[in-house]
Amino acid sequence: MVMGPTHAMSGAALWLAGSAVADLAFGIDQTSAELVVGTIVCSGAALYPDIDCAGRVTENKGGSTVARSFGVASLMVAEVVERLCYWFYLLTKSKKDKKRNNGHRLFTHTAVHAALIGLGTGFLAAQFGKPAVIAILFVLTGLAVRGLLAETVEKKGWIVVTGVSLAAAYGMYRLLPEGRDYWILGLAMGIGCFIHILGDMITKMGSPLFFPLPIQGRRWRDIGLPNKIALRAGGKEENRILLPILTVLVVIGMFYNVPEIQALLFDQGGQGASN
């Protein structure tokens, strides 16, 4: 699978770029706190689909980066999700679908799932406001931190992740304005999941993006690049090219959204961007 930092950076870069386009083209403005929350949600969501990759829960070993974010607790969740995905695959697969012995890269790696989880997140945020946002932010901050700082938090990582997530959730609770429904977090969640799928599709394994549409008689047909040009997960192309590019894009996006930078770019002699 594509490494955690690459997934997390891709989510952050896409949300920052999309926010800039939304502001310029449609006048959709966000406060600094809202922009930070959306970026964290999209970054964490870009790792979330790998919650279907469990390890040996009772021994606290193995599993994806995401599955290990909160220690044994998240590993147990990953175990349940992987089994559910595997059972769902057995129920829905066609005769031409290949044999599988686990649930990784199945339902959580489809466009249908990205849409459903985005709608669900948006509904919770719109219906319950800040309390739901704080809960969502706590979980997805943990995923983002675990992905971006995988080596740093390798030992006792879940303790660091949990502490940072709690601090971030509390900080955002104090900074976010009241009276907002925060439906946009559903969009961030859906986009983050979708960019994860696209990231996996550039590797040799691919992802079943179009489930349940049958392709060559297979409902779970993996879609990806041809082997000749597909990336090797964790290989030099990802480490030396893709990840540095995404990192630069995130830095540019962060600076671009600083109000003082925008004033410098668009305000001409104090007349404003409209002139």
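Here is a short chat about a few residues in this predicted model.

Me: What should I know about the model first?
Reply: It's predicted, with local features needing pLDDT of at least 70, side-chain atom pairs counting only at pLDDT 80 or more, and totals for chains, interfaces and linings using all residues. Residues are numbered from 1 along each chain as its sequence is written, and side-chain values use heavy atoms, leaving out hydrogens and water.

Me: Why is S69 called buried?
Reply: Its relative accessible area is 0%, and buried means under 20%, exposed over 50%, partly exposed in between (1.4 Å probe, protein chains only). So S69 counts as buried.

Me: What does S69 touch, not counting residues up to four places away in sequence?
Reply: S74, G142, L143, R146, W158 and V161, where contact means heavy atoms within 4.5 Å.

Me: What makes the phi of R105 worth a look?
Reply: R105 has a positive phi of about 60° although it is not a glycine. Q216 also has a positive phi, about 55°, and isn't a glycine either. Most residues other than glycine have a negative phi, and most peptide bonds are trans.

Me: Which residues does the cis peptide bond join?
Reply: F211 and P212, with omega about 10°.
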